[in-house]
Amino acid sequence: TTRISFNGILSSGDKSAIISGEGGIPENEQKLNTYSAVVAGSELSSGKSNGIVVGEGVVKKLSAQIGDTLTLMGYMKDGGINAVDVNLEGVRQTGISEIDSITAAGSLSLIQELIDTEGVHKIVVLLKNTKDTVSVTTKMEEICQKYNLEYKSWETLADFYKSLKLMFDVVFYVIILIIV
C-alpha cells in the first residue's frame with residue numbers, strides 16, 4: 001500500500017494539538033495496522049474521504065467526540081500552510097501514551113489535498129510468508145535501483161523491536177545462568 005507522512009495541528013476550535021501521522025488507503029491500512037486498536041468510533045473507510053482517526057491522547061487534548069468536525073492544518077510541499085475540515089471517525093490506542101498523544105491517520109487523498117501533492121512518501125509491502133523475504137528483497141532492490149528509490153527493510157526500521165528483543169534476550173540468559 002502507499003502512504004504519505006504529515007505533521008500538523010488539529011483544532012477543535014477552542015483547543016489545538018500538534019499531530020504527526022500518515023495518510024493511506026483505508027482498506028489496505030486495516031490489513032497492515034496490527035499495533036493499535038480502535039477504542040471508540042470506527043476505522044477509516046474509503047466512503048468517508050474526510051475522516052480522521054486520532055490517538056487517545058489527541059482526543060483528550062481537544063475535548064472532542066466522535067462525529068465532531070475538526071480543522072487539520074499542515075504545511076504544503078511548497079512551504080505554504082493549508083487547512084482542511086475533517087470529521088473525527090475514531091480513536092486509536094497503541095498502549096504507548098507518547099504515541100497516542102500525537103498520532104493521527106487520514107485517507108491518502110485527504111492528506112495529499114492537505115499538503116498539495118499527488119505523490120507518496122513510501123510504499124509498504126506485507127508478505128504472507130516470511131520465507132519469501134529474500135526473493136522479494138532482491139526484486140525490491142532491483143526496482144528501487146531502476147527508479148532511483150530508497151529501500152529499507154523492516155529490520156532497518158525496527159529500532160524499538162530490536163531494543164525489546166535484546167532486553168528479553170538478556171533477561172532470558174540471566175535466568176538461565178541463575179538456574180544453571
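## Overall make-up

The chain has 180 residues, of which 31% are buried. Its secondary structure consists of seven helices and eight strands. Among contacts with a separation of 6 or more, 68% are made by residues 24 or more positions apart.

## Confidence of the prediction

The average pLDDT of the chain is 86, and 99% of the residues score at least 70. Confidence is highest in helix H2, at 93, and lowest in helix H6, at a mean of 74. Where pLDDT is low, the predicted coordinates should not be read in detail.

Leu157 belongs to H6, which covers residues 154-157. With a relative accessible area of 57%, Leu157 is exposed, because the cut-off for that class is over 50%. Between the C-alpha atoms of Leu157 and Ile96 the distance is 18 Å, and the two residues are 61 positions apart in sequence.

E5 pairs with two strands described here. With strand E1 (residues 2-11), the pairing is antiparallel and has four bridges; in it, Leu10 stands opposite Leu72 of E5. With strand E6 (residues 81-93), the pairing is also antiparallel, and seven bridges join the two. Here Gly74 stands opposite Asn82 of E6. E5 and E6 form a hairpin with five residues between them, and Gly79 in the turn has a positive phi of about 100°.

## The nonpolar core

Which residues touch the most other members of the largest nonpolar core? They are Leu10, Ile52, Val54, Leu72 and Val86, in a core of 23 residues. The elements that give two or more residues to this core are strands E1, E2 (16-24), E4 (51-55), E5 and E6, together with helices H2 (56-62) and H4 (108-115). H4 gives the most, with five residues.

Ile52 shows how parts of the chain that are separated in sequence come into contact. Beyond its neighbours within four places in sequence, its contacts include Leu10, Leu72 and Val86, which are also listed above as core members. Other contacts of Ile52 include Leu44, Leu88, Ala104 and Ala105.

## Helix H4

Why is H4 described as largely enclosed by the rest of the structure? Six of its eight residues are buried, so the rest of the structure largely encloses this helix. The buried residues are Leu108, Leu110, Ile111, Gln112, Leu114 and Ile115. Their cover includes strands E1, E2, E4, E5, E6 and E7 (103-107). Just after the helix, Asp116 takes a positive phi of about 60°.

## Salt bridges

Side chains of opposite charge can pair when their charged atoms come close. The chain has six salt bridges. In one of them, the side chains of Arg3 and Glu22 meet with an N to O distance of 3.4 Å. Arg3 lies in strand E1 and Glu22 in strand E2, so this pair ties together parts 19 residues apart in sequence. Arg3 is buried, with a relative accessible area of 15%, whereas Glu22 is partly exposed at 23%.

Arg3 also forms a salt bridge with Glu29, in which the closest N and O atoms are 3.0 Å apart. This pair links E1 with helix H1 (residues 26-32), where Glu29 is found, across 26 residues. Glu29 counts as buried, at 14% relative accessibility. Arg3, Glu22, Glu29 and Lys122 are linked in a network of salt bridges.

A further salt bridge joins the side chains of Arg92 and Glu43, at 3.0 Å from N to O. Arg92 lies in strand E6 and Glu43 in the loop between strand E3 (37-41) and E4, so the pair ties together parts 49 residues apart in sequence. Arg92 is buried, with a relative accessible area of 12%, while Glu43 is partly exposed at 28%.

Conventions:
Residues are numbered from 1 along each chain as its sequence is written. This is a predicted model: local features need pLDDT of at least 70, side-chain atom pairs count only at pLDDT 80 or more; totals for chains, interfaces and linings use all residues. Side-chain values use heavy atoms; hydrogens and water are left out. Buried means under 20% relative accessible area, exposed over 50%, partly exposed in between (1.4 Å probe, protein chains only). Two strands pair if DSSP finds at least two bridges between them. A nonpolar core is a set of buried Ala, Val, Leu, Ile, Met, Phe, Trp, Tyr and Cys residues joined through side-chain atoms within 4.5 Å. Contact means heavy atoms within 4.5 Å. pLDDT is the predictor's confidence in each residue, from 0 to 100. A salt bridge is a side-chain nitrogen of Lys or Arg within 4 Å of a carboxyl oxygen of Asp or Glu.
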